[in-house]
Amino acid sequence: DYKMIAEELIPIFEQAGKESIDLYNKGLKIEIKEDGSPVSNGDLKVNEIISKKIKQLTPDIPIISEETVNIKEKNKNTVFWLIDPIDGTKEYISGKDEYTLNAALVINKKPVIGLVGVPKKNQLFYSYGASKSFVINNKTKEIINCKKKTKRDNIIAVSSTSKPSETIMNKLREYKVSNIAKVASSYKFCLIADGTFDIYAVKERAHEWDYAAGHAVAENAGAIITTLDNQPFLYG
């Protein structure tokens, strides 16, 4: 029951989001991982809260989390959870508001459930099926889709950088993009899912847990998600 699982996780995401803010306010403990990226006690606490609830809900489904995964081990599961407890750790550490909490259930290489919490904006995006993408905004729930929020004619891209590579610029030109808005983390997917922006293109070097939850929310809101050469974007 995808709906039940997603809805059971909503209060847990809210709790984990509050915890991330509390820990930031108390002063984070930060370590540098082997790959040179930072991890904080906030990442680890959020991971613990979300993972514990997921294990209760789906005890037989393995969890692959950024903070506990063994990168050297190949994933052979066809059904698994992907968790990125805090996407945008650098934003989180520096006190910005675009970091996100992420969990996705992947079945046969596709994310079928996705939750993306944006604690500092008091938002939670979630989805459990086609045309079943929602945002809870300051306690008010509404269904979302990719149709433009306003009657503007121009095409606005969203990107983690204001100056994408030439490969990406060429792709954006194909779609007659007129502006690029800079946004961090998987929040980009949510802003496409709710019609704020129109397109996100990137030559990626990230891990699957960075995208799966946002992918589910955006695709189920009507977004088309492919690789740069128009192949299906698959997980696992």
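Asn-138 is partly exposed, with a relative accessible area of 47%. On this scale buried means under 20% relative accessible area, exposed means over 50%, and partly exposed is in between, using a 1.4 Å probe and protein chains only. Asn-138 sits in the loop between β8 and β9 (140–143). Its phi is positive, about 50°, although Asn-138 is not a glycine. Most residues other than glycine have a negative phi.

Before going on, a word about the model. The model is predicted, so local features need pLDDT of at least 70 and side-chain atom pairs count only at pLDDT 80 or more, while totals for chains, interfaces and linings use all residues. Residues are numbered from 1 along each chain as its sequence is written, and side-chain values use heavy atoms, with hydrogens and water left out.

There is another asparagine to list here. Asn-230 also has a positive phi, about 65°, and is not a glycine. Asn-230 belongs to the segment after α6 and is exposed, with a relative accessible area of 53%.

Now the overall picture. The protein has six helices and 11 strands. Helices (H or I, at least four residues) and strands (E, at least two) are DSSP runs, numbered from the N terminus. The radius of gyration is 17 Å, close to the 18 Å that the globule rule gives for 236 residues, so the protein is as compact as a globular protein of that length. That radius is taken over C-alpha atoms, and the globule rule is 2.2 Å times the number of residues to the power 0.38. Along the principal axes, the C-alpha atoms fill a box of roughly 45 × 40 × 40 Å. Of the 236 residues, 48% count as buried. Among contacts between residues at least 6 apart in sequence, 58% join residues at least 24 apart. Contact here means heavy atoms within 4.5 Å.

Next, the helices. After α6 comes Gly-222, with a positive phi near 115°.

Helix α4 (residues 166–174) has Ile-168, Lys-171 and Leu-172 as its buried residues. They cover an arc of only 100° around the axis, which puts them on the same side of α4. The arc is that of the directions from the helix axis to the C-beta atoms. An α-helix has 3.6 residues a turn, so residues three or four places apart point the same way. What covers the buried residues of α4 includes β10 (155–159) and β11 (177–182). Just after α4, Lys-176 takes a positive phi of about 55°.

In helix α2 (residues 41–57) we find Asn-47. Is Asn-47 buried or exposed? Asn-47 is buried, with a relative accessible area of 7%. Leaving out residues up to four places away in sequence, Asn-47 touches Ser-65, Glu-67, Thr-68, Ile-83 and Pro-85.

For a strand, take Ile-30, in β1 (residues 30–32). Ile-30 is partly exposed, at 42% relative accessible area. Ile-30 and Ser-40 are 10 residues apart in sequence and 4.3 Å apart in space, C-alpha to C-alpha. Beyond its neighbours within four places in sequence, Ile-30 is in contact with Pro-38, Val-39, Ser-40 and Ile-93.

Last, the pockets. On a 1 Å grid over the protein atoms alone, a pocket is an open set of points where a 1.4 Å probe fits, with protein on both sides within 12 Å along at least five of seven lines; lining residues have an atom within 4 Å of a point. Grid points are joined across faces, edges and corners, and a volume is the space filled by probe spheres set on the points.

The largest pocket has a volume of about 1000 Å³. Its lining has 39 residues, of which Asp-87, Gly-88, Arg-205, Ala-206 and Asp-210 lie nearest the centre. The elements giving two or more residues to that lining are β4 (79–87), α3 (89–93) and α5 (187–193).

The second largest pocket has a volume of about 820 Å³. It is lined by 28 residues, and Ile-199, Tyr-200, Ile-224, Ile-225 and Thr-226 lie nearest its centre. Here α5 and α6 (212–220) are the elements that give two or more residues.
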